[in-house]
Amino acid sequence: MRRHRKALLNAATHLVLIVTLIAVAFPVYYAIVMGTHTHRDAYAFPPILIPGDQLWQNMLVAWERINLGRLAFNSLFIAIAVSVGKIVLSIMAAFAFTHFKFRGSWLLFPLTMITQMLPLPVRILPAFYLMASFGWLNTYWALTIPYLASTTGIILFRQFFLTVPDELSDAARVDGATPLQYLWNILIPLSLTNIAALFVIEFVYIWNEYLWPLVVTTQADMRVAQIGLRMLYTSERAAAEWNIVMAGLFMIMLPPLVVLILLRKQFAQGIAMQSTK
Amino acid sequence: MRSLRFILMTLLVTMLALGTFASAQQVVDFWHGMTGSRLAVLEQVVDGFNERDPNMQINPVLMGTYEEGLARFLGAYPVGEEPPLIQIYEVGTQAMHDSGMIIPAYQIPEMLGEDWDFGQYVGPIVRYYSRDGNLWSWPFASSTAMLYYNADHFRAAGLDPNAPPTTWDEVHEYGLQLQESGVVRDVIGFGWPDWQFEQQLALHDQPYVDNDNGRAGHATEVMWPTEFTDTLFAKWSAMAEDGVWLYAGTEYSPNSGFTSGTLTMMLQSTSSLDGIMNTVGDDFEVRTAFIPRVDGYPRGNSIIGGNSLYVSNNASEEELRVIFEFFKYLAEPDVDVFWHQNTGYFPATNAALKRLMDEGWFQESPNHLTAFLQILSGRTDNGNVIGSRIGPFVDARDHIRVAMEEASRGADPREVLERAAERINQLLTEYLEFADTQ
Amino acid sequence: MNRFPGHNILPYALIFPTVTVIAVFLVVPFVQAIHMSFFRVSPFGRVRVYTGLRNYAELLRSPEYLQSFLNTMLFCAIVIGVGLGIALFIAVLATQKIRGAAFYQVAFIWTYAMSPAIAGVIWALMFDPSVGIFTALLETMTGFRLNFTTDAVGAFLLVTIASIWIMLGYNICFYIAGLQNVPNELKEAALVDGAGPWKAFWIITFPMLSPTTAFLIFVNTLYAFFMVFGMLDVVTQGGPGQATEFLVYKIYRDGFARLREGQAAAQSVFLFLMVASIAGFQIWTSTRRAVYSR
């Protein structure tokens, strides 16, 4: 009897989870299906929920209309450059904060505070003028350099480095390794999971960034994919070609999704690490 | 880690290679706000120009809505990132004049040592964009508002499609009949609602602001609420209460309601004409008529909307030359006629207009004629009927929209307009207080 | 701590890039923003007039600003309250001892990869007045026709639902990680003591999750205050009326579209005060959990 009840409960749990999953996934499904139809079918009522065969054509139209090739390249380049840069910088800083006794070590706390308390909107206008004075508007500099500081990364690596036993560094020192050799040859190979986790977090974050790229770029060929989506959506407000918009959206949402799915294990471990801090 | 660095280096090298690709071409960035079906038409027009001389190229860049284009230009100029050529909607006229960022259009031919006959552009456009008798921006895509209606709906409701409503009372009456016969639930929507308010003022020879509607000097205060605006808003409110008028959003958002047949009538820019007819296709018969009026008030005129082209005063001589060639190209009858026939904007030149008449285009497509008849049959002799010029026009429109939205929900018209007037007066005062116009 | 004595310059060199980036791109512009907030800039940027506290005084008296503040707070509260509630519920179910639990634990992650702009457009389709499934369903069930382009409630609802949706993956992930850290013995002990599963959850599990909850409240607040920008800019542009003109969007509009730099700078300072108190609270709670203690 008891067992029976348990099975029933399990079935109910499955049911609720599956229904929720469908509910959460449905909008994306509907959006993509929209992208596979002709304009007329996209407006059919009741809506056609089975994919049509126009996805490729619609994607081509959207691709051309906003010059997505260039925009996707920009987004990809920026996302990779910033992710790598952030990883390098935060490993360096975390290494300093965990392996050395120096008079700057008190800086960790204020730096963390500052980055959390000064998100872009509280400094956006002067930041824009700063870029202008550097001559950085409409360049990759403005789209990458200001992002490079990451206290999330520093804390992530700091925590991990603290768990590495002292014996390792002692042994390296005895063998005559310099600190940087130790970092490069021993510590970094041990940190690959953290590196991958931070890469996912930062790649997704930068690919999805909107406000800063909007402000510091005016030229069409320096735009990023998210702004392209905006132009695609805006350009259709008068005619509302949902099929074209959604075909474009499909392409723009794919890269971070692929990165996340490929590195989901590392990402989950990274999250687990963050949440136990 | 290592492979990532490799990818990064490869990307960097590729980029540098692309960047150093030198050329003798003069490419002029052209910011515009042509959305919907007009986007493709604009691109065709620009392509036609670019095909002529590989060294003279125009690069069209969609900057979002008109409002954004204006804001981005004003923000980009001080940091030197503005384009040499930009399309600005009529709302930005005064701000652009005051900005000190542009070359007035009439000076451009002179600067290049050339002559240009500005008399070739059609009267209403010249009047709207002129200051002291000179054009300050280049005529391009001018429109006005008109009434679009679904003739099939009219027939279904037993109304005569050849007798569209001419007054707001008639719109209301027709609306009730359309509802009773079950054709639609909501009858009419306004595209660019803020603009429709301005149209109504001009259409009845009423001023929006002082100083000859801001055309004799900077506006200092608004000239309403008046008995006229009370009457107008009372009619609109009554229609909203019966569900005849639906406040259907800003800019082009009512278009989808009209094309999908959930609205029978719509006030909208003439520039939507071809987009609408393409979308509707054979689904129903689209017809157009004059903007409805309020009985018993003087006749004014419908005002020009759409946009015109401005040139940054940072443009180099080479850029200016390309731009002037582009302007000449736009004035060619072939180009102008193509532009008009595929968008619904007015043809900008008299030559194009003559060609269209000679070829019988207006008999063939009477919907393209409506706005012309409307604007040519009205008065042209004062600021009220030509249209207002206001520095903080964009912000002022925010308040008008709020007032109309509230009125559509049953708020007291006098109160909402007084509130809007107060806020706009404040804007005007501040604009002059901090103006750097001199 | 000092595993490599004798390297005196190296640690400074290692933190130098990070410190420089933070100083140049975060601290300096913020100080300039404070400075800017005491000035009024002419509409075309050529004249700057010192106006003292006028920008602040006008903000405090501005009904638009108050409205924007209230809308933001309401939005934030709903995103946190409803969003975390749903996430916790799903996380609890997905950590039950059932077959395929591992599948469910990753099956929800993906919304994390959606940008606010993407989510906005997807939900704009769901809410579309003529083809949207959500609007069609709502009309069939209640007879109410929702139009987010004209209807303040509709737009607010769209943005809120899309936001809850987009944060769901992240919230669930953290709750799952948090739940897996709750020792089973404790729960079992409570069950043995005669508490029902429901009661055991509230007296054991939920309190154990409070660090996770505190962290997620912080992250979701940051989302609601800042990250949502892309969604607003693509889909509603703050409208209709002012319904979705949240604080971050108002700063952008006033600073970049309405060209009122001084007023926008003053808003930045206010926004900073709000964020600083939230961030301070978050750091205080996490410090108590001894992150920086070593």
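Q: What kind of model are we looking at?
A: This is a predicted model, so please keep that in mind throughout.

Q: Let's begin with chain C. How many helices and strands does chain C have?
A: Chain C has 13 helices and two strands. Its C-alpha trace spans about 75 × 75 × 30 Å along the principal axes.

Q: What share of chain C counts as buried?
A: Of its 294 residues, 48% count as buried. Among contacts in chain C with a separation of 6 or more, 68% join residues 24 or more positions apart.

Q: Could we take one residue as an example? Is C:Val159 buried or exposed?
A: C:Val159 is buried, because 29 other C-beta atoms lie within 10 Å, and the cut-off for being buried is 20 or more. You will find C:Val159 in helix H7 (residues 152-180) of chain C.

Q: Which residues does C:Val159 contact, leaving aside its neighbours within four places in sequence?
A: The contacts are C:Val228, C:Met231, C:Leu232, C:Thr236 and C:Thr244.

Q: How should I think about a nonpolar core?
A: In soluble globular proteins, nonpolar side chains tend to be buried together. Here the largest nonpolar core has 304 residues, and those touching the most other members are A:Val200, A:Leu229, A:Leu249, C:Ile118, C:Val121 and C:Leu125. Helix H4 (residues 68-99) of chain A gives the most to this core, with 19 residues.

Q: What does A:Val200 touch, not counting residues up to four places away in sequence?
A: A:Val200 touches A:Val259, A:Leu260, A:Leu263, A:Gln266 and A:Phe267.

Q: How do I describe where two chains meet?
A: The size of an interface is often given as the accessible area lost when the parts come together.

Q: Now for chain B. How can I check the length of a helix, such as helix H8 (residues 168-180) of chain B?
A: Count 1.5 Å a residue: the 13 residues of H8(B) should span 18 Å, and the end C-alpha atoms are 18 Å apart, which agrees.

Q: Which residues of H8(B) are buried?
A: An α-helix has 3.6 residues a turn, so residues three or four places apart point the same way. In H8(B), the buried residues are B:Trp168, B:Val171, B:His172, B:Tyr174, B:Gly175 and B:Leu178. They pack against helix H7 (151-156), strand E9 (188-190) and helix H11 (227-241) of chain B. Just after H8(B), B:Gly182 takes a positive phi of about 70°.

Q: What about a strand? How many residues of strand E11 (residues 265-269) of chain B are buried?
A: In a regular strand the side chains alternate between the two faces of the sheet. Strand E11 of chain B is mostly covered, with five of its five residues buried.

Q: Which strands pair with E11(B)?
A: Strand E8 (residues 145-150) of chain B pairs with E11(B) in the antiparallel sense over five bridges, while E9(B) pairs with E11(B) in the parallel sense over three bridges. Look at B:Met265 in E11(B): B:Tyr149 stands opposite B:Met265, and B:Met265 is also the bridge partner of B:Ile188.

Q: Last one: what are the domains of chain B?
A: The domain assignment gives domain 1 (25-143 + 305-359) and domain 2 (146-302 + 383-433). Their centres, taken over C-alpha atoms, are 28 Å apart. In the contact, 21 residues of domain 1 of chain B meet 20 residues of domain 2 of chain B. On the domain 1 side, H4(B) gives the most, with four residues, and the residues of that side divide into six nonpolar, 11 polar and four charged.

Methods
Residues are numbered from 1 along each chain as its sequence is written. Chains are lettered from A and ligands numbered from 1 in the order in which they are written. This is a predicted model: local features need pLDDT of at least 70, side-chain atom pairs count only at pLDDT 80 or more; totals for chains, interfaces and linings use all residues. A nonpolar core is a set of buried Ala, Val, Leu, Ile, Met, Phe, Trp, Tyr and Cys residues joined through C-beta atoms within 7 Å. A residue is buried if 20 or more other C-beta atoms lie within 10 Å of its own, exposed if 12 or fewer, and partly exposed in between; C-beta atoms are placed from the backbone. Two residues are in contact if their C-beta atoms, placed from the backbone, lie within 7 Å. The expected span of a helix is 1.5 Å times one less than its number of residues. Two strands pair if DSSP finds at least two bridges between them. Domain bounds come from an automatic or database domain assignment. Ala, Val, Leu, Ile, Met, Phe, Trp, Tyr, Cys and Pro count as nonpolar, Asp, Glu, Lys and Arg as charged, and the others, Gly among them, as polar.
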